[in-house]
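This report goes through a set of chains one region at a time. The sequence and coordinates come before the text.

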Amino acid sequence: MAASSTTSFNARPSGRVSAFWRRLRSGDDIAYVITLTCALTILAIAALLVFELYTNSTLPRHKFGWSFLTTSVWDPVADQFGALPFIYGTVVTSALALLMGIPLGVGAAIFLAELAPAKASNGLTFLIELLAAVPSVIFGLLGIFVLVPMLISAEPVIRAVLGWTPLFSGPFYGVSMLSAGVVLAVMIIPFIISISREVILAVPTEQREGALALGATRWETTWNVVLPFAKKGIMGSIFLALARSLGETMAVTMVIGNDPSIHASLFAPGYSIAAIIANEFAEAPGDLYRGALIELGLVLFGLTIIINGLARILVLSTTKKGAS
Amino acid sequence: MLSLRRKTVNAVMLSLTGICTFLAVGTLLFILGYLFIHGGTSLTVNFFTKLPTPVGELGGGMANALLGSAKLLLLASCIGIPIGFLGGVYLAEFGGSSFSYIVRYATDLLNGVPSIVIGIFAYTLIVLPQGHFSTFSGGLALGVMMIPIAIRSSEDFLRAVPVSMREGAMALGASKAKTIFTVVIPAAKAGLITGIMLNIARVAGETAPLIFTAFGNRFWSPGWEQPTASLPVMIWLYATSPYADWKQQAWSAGFVLLMLVLMINVLARMILSKRGQVAR
Amino acid sequence: MTRRVFIVNAALVAALTVRAASAQQVLINAGGATFPYPMYSKWFDEYHKKFSNIAINYASIGSGGGIAQVTAGTVDFGASDGPMNDTQIKEFQDKRGSAILHFPTIMGADVPTYNIPGVTAQLNFTGEALAGIFLGKITKWDDPEITKANPGVKLPSNNIVVVHRSDGSGTTYIWVDYLCKVSKEWETKVGRGTSVKWPVGLGGKGNEGVSGSIQQTANSIGYVELIYAIQNKMTYGKVKNAAGEFVLASLAGVTAAAAGMKDMPEDFRVSITNAPGKGVYPISSFTWLLIPSKIADPAKKKAIKDFLAWMLGDGQKMTEALSYAQLPKAVVAKELKAIDKIQ
C-alpha cells in the first residue's frame, strides 16, 4: 500500500525491483522488521532464561522429580527440598495485594482522571509515581518499623470483626502474610493508578458527553461507559502489578516472617519463592542446594504462566463486545 | 428526573474514589516525609562528594554510588527503552493474532521474574564467561528488566490512541510507518513518557540484580568493566548494618535516590513537552 | 552553542569512562562474609591510605557467596564465617588448580537476646536450655531448666517465641554449631549449616530483622552478633561455658576461646565453640579469609601478602574500636608463618 503519489512521480516500468525500493522508501517494511526484531528479543530472553533455569537445576530435578512441587519440607542440612510452602505463600500474598490494590488503585485513578482539577491531578499523580522509585529495601524497612507495629495495634480490631474466619485466627507476631500483602499492595498501587489514569484520560470526551446527554450521573457514566473503554489499559496495569507482586523480593522477606510452612491464617508467618531465593542464594553451599533454589525460580515461572493464563481467561469472559 | 437512589449511589461512589486517592496519596506523603526526616534533614555536601568511609569515621559519602547508579541507569535505559518501546510499537501497530499473543504472554512472564533471578541470569551469562564483575553486566541486567515493562506500557498507551486518528492519516496517503511516527506516537506521548518514567523509577531502586553483577566498590570505578557501587546496594548494606551512622546514611541515600528520580521525571517532562502539548 | 554542547558532552564521557590511573594501580576484588564487613572496610581503607596505589575492594555477598566466587575465579580472594568443607576445597582444587588457604582475621560471637515483659535482669542460660528452647521442647519461660540457673528472677509462665535468622548466615552457623556441641538431639535432628530447618520460630532477615522482631514480640528470644547487640545497646544473657561458669559475652571472653585451643590445626579450619578454659565465652568463632595458594599476578600477590602481614600486626590493634575481638598471639604467630605458603 505505497503512497499513490509515487507511482505517477516515478514514471518508469514497475518491475519488482522498483516496487521493492518504493516500499522500502515508504519505510513500512523497515519499521516492520525493526519492531518485529525488538518484539522477538522478549521471546529470546524468555527462552534463554528458561533454558538457564532448567539446566542449572538438573540435580534437584533428577533427585526429587515432581514431588518437589508437593513436598513441604525444606531442610538444607539433610538435603531435602520441597516447594509447596513457597508456592502457597507467593499465591496468597499476591492475591492479598491485588485484592487491596485494585480497588484502591482504580478508585484513585478514577478520581484523579475524572473529578480532580487538572493541575491537582497532574501534581498528585506525579507524586504517586514517585512511590514506584522507592527502593524495595526501604519498603521493607518501613514495613518492619512502621507497618508491623501499626498492624499489631490494629490486631484486636481485625480480630473482633473477622476473627471468626480461619483466615484471621491464631497468634499474631506482626510479621505475617497479612503484613506482606499490605506492603505489596502499597508497592503495586502506583503502577495501577498511574497507568489507569492515563488510559481513562485517553477515552474520548464524546463518549462521556454522550452518556451525560442521555441523563446518566457522573458515576454511571464512569462505570458504564468510560471504564469499559479503558478496560484493556486497566487490565494491562493490573497484569504489571501482578507481575511485580509475584516477583517482589526484598520488601516481602523483611515482613513475611520467613517460615516455610503452610497455615490457613493470614496472621501466621509464611514464605514466598522470591523471598527464599533472596535469603539463601548468596550463602547456599553446594550444587544441590543452589540447584533447588534455581528450581524454585523455574517453579515461579511456571506459576506465573498458570496465573497469567487464568487471568486472561477471566478477562476474556468479561469483555463486552464493542468496548475493546 | 434523577431518582434518589441514583443520586446517592453517585455521591457515595465518587466519594469512595476520593477516599482511595486520599489513602494512596497519604501513604506516599508519609513515606516521603519519613525519608525526609530520617534522611533528608541530615544530608550534607559530603554525601555527594566523598567516598564511603569505614565505620566510626564521619564525613563519608556515597559519591561513587551516585556515579555508579547514573552509569547503570544510563546503560540500562539505552538497552531497555528502545527495544521495549519498539517492541510495544510492533504489538500495537503490526500485531496480528497468535504471535502477538505469545509475545504479550512472554512479556508478562518476564515481568514476574524476581529481580534476583534476573541477577543470577546475568551472572551466568556475562560475569562467569568474563571472569569478573562489571558495570556492564549490571547495566545489562537492569536493561533486561526494563524491556518487558517498556513493551507492556508502550503497547497500552499506543492502543489507547483512537483508531480514527490512524485512519485519518492513512486516508491522507501516509504510509503505515509515517502514521505511526508522526501521528500515533505523538498522540500517545504523555502516556509513553509516563511509562518510561515508571520504568526508570522501578529499576533505579532495584538491589538484588546488582549484587551478582555490579558487585560493589568502595572506590571509584572507571570505565565499564570494573565493579561499581550503586545507591540501592549501598542502602541495603548500610541499612542492615549495626551502626547508627551507616543507618543514617542509608536513609539519606534513600531520600537522594527518590529526589534523583523526581528530577529525571521533571526534566523529561519539561524537555518533551516543549515540543507542544497534547490536547486533553 | 553546539561547540559548548560538544565540550560538555566530551567532558561527561571522559568523566564517566576515564580516570587518571596512578603508577601501577593495583585493584583487587574480594567478596564474602557480611559479619566482618565493617572491620574489613576499615582495614582496606586504612591500607589504601598507606599505599595509595593498592585498592582492595571488598563486597559483602555472604559467606557462601565468597566461597562460590573465589572458586569461580571472579574475585581474587574470598571471606567466610565458616571454614570451607572438604568437598568445597576439592572443588576449588579442581576448578582453579591450586589449594585454598584459610587465614583467620578476627573473632566474633553470638549472644542470646530476649524480650520478656517485666524482666530486666541479665539471664543465665545453660547450653541445654538454649538447645531445648530452639528445639521447641522448652516452651515456657518458667521451665525448670531456665529458672534453676536464675534464682531470684521471677520468670513468667508465658510461651516462648523463638526468633531465628531466615537468611543463610555465618551468624547462624556459629549458633547451631554450638547447639550441636551441647545437645546430641540438636546434632541428629537439625545439624549445622548456614541455613537449617528450624524446628520452631519466626525468621527475621539479617540481624536487624531478628532484633526488630524481638523488640516487637513479647516473650521472644533470638540470637544476634555481639557487635550488633553492643552497638544497639541490647540486653543479652550469659551463657554457661565448658568450665561451668556463666559468662557474659565480651571481647576478652571471645579471644580467650581461641587462646584455649591447644592444637590449632595447620590449615586453621577449626571450630572454637564451647571451647575449654576459664573466662571463655562459648559461642565464639573465627572468621576467615580464603586465599588461593597460587596467585598469578605478581603485583596482586605481593599486595595480598603484604596486607596479610599488616593485618596481623597493625590491623589487629584496630579491632576493639569496632567491637571485634582480636586474634590470640599464638594464632598470629602461626599465621605469619603460613603467609609463605602463598606462591
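From the N terminus on, the elements of chain B run α-α-α-α-α-α-α-α-α-α-α-α. The model is predicted. Counted by type, chain B has twelve helices and zero strands. Taken along the principal axes, a box of roughly 70 × 55 × 35 Å holds the C-alpha atoms of chain B. Chain B has 280 residues, and 55% of them count as buried. Among contacts in chain B with a separation of 6 or more, 74% come from residues 24 or more positions apart.

At the boundary with chain B, 78 residues of chain A are in contact with 83 residues of chain B. On the chain B side, the most is given by helix α1 (residues 4–40) of chain B, with 18 residues. By class, that side of chain B consists of 53 nonpolar, 20 polar and ten charged residues.

At the boundary with chain C, 23 residues of chain A are in contact with 28 residues of chain C. Four elements of chain A give two or more residues to this side: β1 (74–75), α7 (136–162), α11 (250–255) and α12 (273–280). Of these, α7(A) gives the most, with four residues. The side of chain A that touches chain C divides into 14 nonpolar, five polar and four charged residues.

The two sides are set out by residue class below.

How many of the 16 residues of strand β4 (residues 100–115) of chain C are buried? The count is 16 of the 16, so β4(C) is largely enclosed by the rest of the structure.

Strands of a sheet pair through backbone hydrogen bonds, in either the parallel or the antiparallel sense. β4(C) pairs in the antiparallel sense with strand β11 (residues 284–292) of chain C, over nine bridges. In this pairing, C:I100 has C:P292 in β11(C) as its bridge partner. β4(C) also pairs in the antiparallel sense with strand β8 (residues 220–225) of chain C, over six bridges. Here C:P112 stands opposite C:Y223 of β8(C).

## Chain C: a three-stranded open sheet

Chain C also contains an open sheet of three strands in the order β5-β9-β10, with mixed pairing. β5 (124–125) and β10 (246–247) of chain C are at the edges with a single partner strand each, so one side of each is left without a neighbour in the sheet. Strand β9 (residues 238–240) of chain C and β10(C) run antiparallel and are joined by two bridges. C:V239 has C:V247 in β10(C) as its bridge partner.

## Chain C: helix α5

Helix α5 (residues 127–135) of chain C has seven of its nine residues buried, so α5(C) is largely enclosed by the rest of the structure. Which residues of α5(C) are buried? They are C:G127, C:A129, C:L130, C:A131, C:G132, C:I133 and C:F134. Just after α5(C), C:G136 takes a positive phi of about 90°.

Technical notes. Residues are numbered from 1 along each chain as its sequence is written. Chains are lettered from A and ligands numbered from 1 in the order in which they are written. This is a predicted model: local features need pLDDT of at least 70, side-chain atom pairs count only at pLDDT 80 or more; totals for chains, interfaces and linings use all residues. A residue is buried if 20 or more other C-beta atoms lie within 10 Å of its own, exposed if 12 or fewer, and partly exposed in between; C-beta atoms are placed from the backbone. Two residues are in contact if their C-beta atoms, placed from the backbone, lie within 7 Å. Ala, Val, Leu, Ile, Met, Phe, Trp, Tyr, Cys and Pro count as nonpolar, Asp, Glu, Lys and Arg as charged, and the others, Gly among them, as polar. Two strands pair if DSSP finds at least two bridges between them.
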